[in-house]
Amino acid sequence: MSSMVGTGAGQAGSAEGDWMMPPLSVLLKRELTSEKIGKPDILHGLASRSKKGEDLTFLKTECQRVPGNGATTFSVFALFDGHNGLAAAIYAKENLLNNILCAIPSGLTRDEWLAALPRALVAGFVKTDKDFQDKAEPSGTTVTFVIIDGWAVTVASVGDSRCILESADGSLYLLSADHRLDENKEEVERVTASGGEVGRLYLACGAEIGPLRCWPGGLCLSRSIGDVDVGEFIIPIPHVKQVKLSNAGGRLIISSDGVWDVLTFESALNCSRGHPADIAANKIVTEAVLVKGLRDDTTCIVVDLLPPENISPFVSQPKKKGMRVLKNMFHKKPYDSPSHLFVRNYFGPYAVEELFEDGSAVLAQRLNMVYPICNMFKLLVCAVCQVEMKPGEGISVHAGSLKSGRVCLWEGPLLCQSCQFKKEAMEGKRPSRNLCRKPDGNEYY
């Protein structure tokens with residue numbers, strides 16, 4: 001700590017990004033002030049223009065980690081962009097949150113709850129998809145699911161709706177992934193390795209048109225909930241990113257592809273900056289429709305995280321011309337520094353800290369959390385559907401993987417037989433149980 005103070009002393013603070021190291025007493029005062037600020041005020045706005053009527057939203061600001069305890073509140077903002085009908089979007093809207101919460105063990109502290117949340121999101125998405133496919137309805141939906149607890153923001157996403165964050169210093173962060181086949185070579189390779197065929201539509205003259213699609217079915221996404229008529233290689237395993245904002249706050253924009261197919265991330269922020277969340281959402285949707293007309297359902301949710309009692313619209317700090325950057329690199333938690341709590345404001349008072357990120361399509365990897373998080377979960381409970389099992393009934397999530405030769409088959413996490421079948425089908429190791437459709441429109445089992 002002292003060497004860092006010595007290094008910082010005497011530095012000029014005139015250029016952007018140059019800081020003079022404050023005394024320890026100032027850093028301690030900042031930390032105490034930060035603790036007093038507590039939870040942010042959360043203001044949100046929603047705007048939507050309907051073309052097909054397949055965009056649904058879920059907004060709930062008074063959820064509770066511990067039922068009946070108002071001190072454990074968190075907020076949920078979710079966007080479901082359905083296709084081939086509304087059934088999948090409706091089902092996910094009605095069941096996904098409960099499936100996620102059921103996958104989180106009871107009796108956890110807030111920090112433990114946040115640490116368990118990424119695995120619970122994976123389990124909740126897979127269970128929701130599995131249960132909906134049991135209904136054999138040929139509908140699907142993208143999902144962008146945002147949970148805000150204090151200054152921690154966790155985003156789980158499948159499909160091509162997106163969530164972006166503008167921090168207080170004007171930096172732009174992507175909190176979701178784009179699962180369009182055109183945008184993701186790794187997903188194309190995974191789909192083909194699992195038995196799907198990826199290609200564009202062909203005209204009679206032999207020319208290719210349109211985006212890359214997965215056949216059978218013709219879906220241009222590699223991940224979604226539902227889509228029983230496409231195949232199990234269209235998986236519901238979400239990309240999950242968890243970050244912590246500084247107490248200066250930030251703005252989230254969650255929008256369907258009706259917005260992002262027309263507006264860049266920058267233009268969406270620019271047309272909404274300085275406005276309250278509700279007006280900002282409306283301006284983004286209006287701008288998207290003005291550019292190319294209403295070609296698709298166009299929905300936007302804007303969420304402002306503000307220091308308590310700051311009711312002014314979120315406005316980021318101005319950046320020098322040409323200095324604005326899209327940031328995928330975050331300030332990592334410096335666990336190796338015992339004094340990190342006292343120096344983090346020196347490194348950046350508006351820093352966005354990455355707590356977790358994983359976009360792997362491998363279910364075993366996503367459910368196999370590291371110590372000590374893994375010890376929070378019960379062993380004799382299916383890691384996906386949460387059904388209780390007797391000793392010897394569960395199947396290791398590693399069964400059939402490269403790791404399976406080095407572990408006992410009863411080593412957790414464990415799956416019930418039904419969820420193990422689901423896992424194998426997603427990996428292309430078991431034929432899809434569902435009705436499929438060929439590129440020429442003919443159906444087969």
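1. Let's start with Val188, which is found in helix H5 (residues 185-193). Helices here are DSSP runs of H or I with at least four residues, strands are E runs of at least two, and both are numbered from the N terminus. Val188 is buried, with a relative accessible area of 18%; buried means under 20% relative accessible area, exposed over 50%, and partly exposed in between, using a 1.4 Å probe and protein chains only. Leaving out residues up to four places away in sequence, Val188 touches Leu181, Val198 and Leu212, where contact means heavy atoms within 4.5 Å. Arg213 is 25 residues from Val188 in sequence, and their C-alpha atoms are 9.4 Å apart in space.

2. A word on what you are looking at: this is a predicted model, in which local features need pLDDT of at least 70 and side-chain atom pairs count only at pLDDT 80 or more, while totals for chains, interfaces and linings use all residues. Residues are numbered from 1 along each chain as its sequence is written, and side-chain values use heavy atoms, with hydrogens and water left out.

3. Now for the whole chain. The protein chain has 11 helices and 20 strands, and 49% of its 445 residues are buried. Of the contacts between residues at least 6 apart in sequence, 70% join residues at least 24 apart.

4. Is Ser222 buried or exposed? At 0% relative accessibility, Ser222 counts as buried, and its place is in the loop between strand E9 (208-215) and strand E10 (225-226). Beyond its neighbours within four places in sequence, Ser222 is in contact with several residues, including His179, Leu181, Glu187, Arg190 and Phe233. Asp182 lies 40 residues away from Ser222 in sequence, with 9.9 Å between their C-alpha atoms.

5. Glu94, in helix H3 (residues 87-102), counts as exposed at 59% relative accessibility. The C-alpha atoms of Glu94 and Phe58 are separated by 8.9 Å, and the two residues are 36 apart along the chain.

6. Next, look at helix H7 (residues 265-272), where Ala268, Leu269 and Ser272 are buried. Seen down the axis of H7, these buried residues fall within an arc of 95 degrees, so they line one face of the helix; the arc is that of the directions from the helix axis to the C-beta atoms. Among the elements covering them are strand E6 (162-167), strand E12 (250-255) and helix H8 (277-292). Just after H7, Gly274 takes a positive phi of about 90 degrees.

7. How do H7 and H8 pack? Their axes are 8 Å apart, at an angle of about 130 degrees; axes are lines fitted to C-alpha atoms, for helices over the stretch in contact, and angles run from 0 to 180 degrees between N-to-C directions. H7 and H8 are therefore oblique to each other, given that angles under 35 degrees count as roughly parallel, over 145 as roughly antiparallel, 65 to 115 as roughly perpendicular and the rest as oblique. Ala268, Cys271 and Ser272 in H7 meet Ala280, Lys283, Ile284 and Glu287 in H8.

8. Finally, the axes of helix H4 (residues 110-133) and helix H11 (residues 417-426) come within 11 Å and cross at roughly 95 degrees, so H4 and H11 are roughly perpendicular to each other. Val126, Asp129, Lys130 and Gln133 of H4 make the contact with Ser418, Cys419 and Lys422 of H11.
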